[in-house]
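Subject: The two-chain model, with notes

Hi,

Here is the structure I promised to pass on to you. Have a look at it first, and then read on for what turned up in it.

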Amino acid sequence: MGVENTDYREESLDLNNPFDIKLVSEFLEPLGFEFDSIDVDYTMILYNLNQEVIGTGSYKGRVLKYVAVSPKFREGAAFAQIVTHLIELVINEHKHIFVYTKPRNLEVFKGLGFTEIATAEPLFSVLEFGYENIKTYQDYLRSIKKDVTFGGIAAIVVNCNPFTKGHKYLIEKACAENRVVYLFVVEEDRSSFTFDIRWRLIQEELGHIENLVMVKGGDYVVSGTIFPCYFLKDEKECDIAAKQAELDVVTFLNYIVPILNINRRYVGTEMYSPVTAAYNEAMIKYLPSNGVEILEIPRITQGSSDNYISALKVRIAIREDRLNEVLDFLPDSTKNYLLSEESAEIREKIRNTVTRH
Amino acid sequence: MTPKFKAQAGTFESSDIMILIEPLEKDSGRKVDISSTVILQFEEDIKKTINQVLDRLQVEGLHLIAKDKGALTQTIEARVETAVKRSLGIQEGTM
């Protein structure tokens, strides 16, 4: 590697070495990045022949991060060299690469063959590259599409971590009020309950409904790639969450709505999570003006009138070993699952972690 | 022949072309996606050059992605050939 251009020297960093981390941090700071070594799997650095650091780039999983070149060297091939270096490493493991960057860098990445997915000014843009792209996902959507072109066509996005009576009520209500309901299940496996389990519990309970179509969320519906804040522990950076929520909503609007002819979106009222509240706000900003009606359905209660059903409450109850108190919140599929041996591992995991998801 | 591995050749630099190859199911033919900074003038030429190399090497059952930044015909030929050979496991390394 690096033979193509002998002007610059590529070197990979030892992320366990505080000196190396200091080197990158000091280089990135004046360029407006706050480098956090927990945030990356791999970092490379580019030197010129005078041993000056002129650029750097990192990745975590399949997302490129902290790609920056010192202003003096932006005219040359340094940027292309960094991205080439990173992609050679990432494309071996993943079919699909994302870049999270500032909108002002959009053109630079587009010039390298990346495709823009969405932009939320002035903080974020997401681009993608690889064997699979958003067209692959759109083909998947076309393959499951129901042949209905008029009347209510609704979308619901759920994580269902775990599936509760609240979700069930929302979905059944939507199914009764519309000709087709597309139920997007968040595919990212960062929640306590894995995607397979979440999908299965919903299907067991609601699979019989004829006008309900279950859809995998893929990389584009509340994915950790586009909307990382949704999966973060603390919620202090709500501005960032709001911007990321915007990215997610714009992606939904531009790439999913037109394929499935969606004209309604159902959401539950959010009372607990500021991130989801920011998400709902972003929807209100974009969807109605583009022909998608938003229907906010108040949460249902169990027993007393202020005992709202919430998946978070269920997880807290599991953590505190008082599952019996929340059994009323759960439909049969989830109830049976949580009371069975099969879920022992997940219950144990929830007990030992303190995350929002 | 059909490719065995994912492979790539080339860079994103000006006057070069990045070729990515992934194996497809047998008998699924060729799928070639091209993006280029000079797509309006040279899309057909680039496609022709790539297909010629693939014909010469007799490979089928692959998905090829080309990200071109104005490479000359010879460059395109060389990059495609290297990517194909890498995907067949015949050639390794940069040189």
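Let me begin inside chain A, where A:L64 stands opposite A:V99 in β5(A). Please keep in mind throughout that this is a predicted model.

**Around β4 of chain A**

One of the paired positions is A:K60, whose bridge partner in β4(A) is A:V63. Two residues lie between the strands of this hairpin, and A:G61 takes a positive phi near 60 degrees there.

Is β4(A) enclosed or open to the outside? Seven of the seven residues of this strand (63-69) are buried, so the rest of the structure largely encloses it.

**The open sheet of chain A**

Further along chain A you will find an open sheet of five strands, in the order β10-β9-β8-β11-β12, with parallel pairing. The edges are β10 (212-216) and β12 (293-297) of chain A; each has a single partner strand, so one side of each has no neighbour in the sheet. On average, neighbouring strands of this sheet are turned by 25 degrees against each other, direction ignored.

Among the pairs is A:G268, which has A:I297 as its bridge partner in β12(A).

Most residues other than glycine have a negative phi, and most peptide bonds are trans.

- The peptide bond between A:N161 and A:P162 is cis, with omega about -5 degrees. A:P162 sits in the loop between β8 (153-158) and α5 (165-177) of chain A.
- A:N261 is not a glycine, yet its phi is positive, about 55 degrees. Its place is the loop between α7 (238-260) and β11 of chain A. A:N261 is partly exposed, with 16 other C-beta atoms within 10 Å.
- B:Q58 also has a positive phi without being a glycine, near 55 degrees. You will find B:Q58 in the loop between α1 (39-57) and β4 of chain B. With 8 other C-beta atoms within 10 Å, B:Q58 is exposed.

Chain B has two helices and four strands, which run β-β-β-α-β-α from the N terminus on. Its radius of gyration is 12 Å, close to the 12 Å that the globule rule gives for 95 residues, so chain B is as compact as a globular protein of that length. Its C-alpha atoms fill a box of roughly 35 × 30 × 20 Å along the principal axes. Of the 95 residues in chain B, 38% are buried. Among contacts in chain B with a separation of 6 or more, 75% come from residues 24 or more positions apart.

Methods:
Residues numbered from 1 in each chain as written. Chains lettered and ligands numbered in written order. Predicted model: local features only at pLDDT ≥ 70, side-chain atom pairs only at ≥ 80, totals over all residues. Rg over C-alpha atoms; globule rule 2.2 N^0.38 Å. Buried ≥ 20, exposed ≤ 12 C-beta atoms within 10 Å, placed from the backbone. Contact = placed C-beta atoms within 7 Å. Pairing = 2+ DSSP bridges. Axes fitted to C-alpha atoms, helices over the stretch in contact; angles between N-to-C directions.
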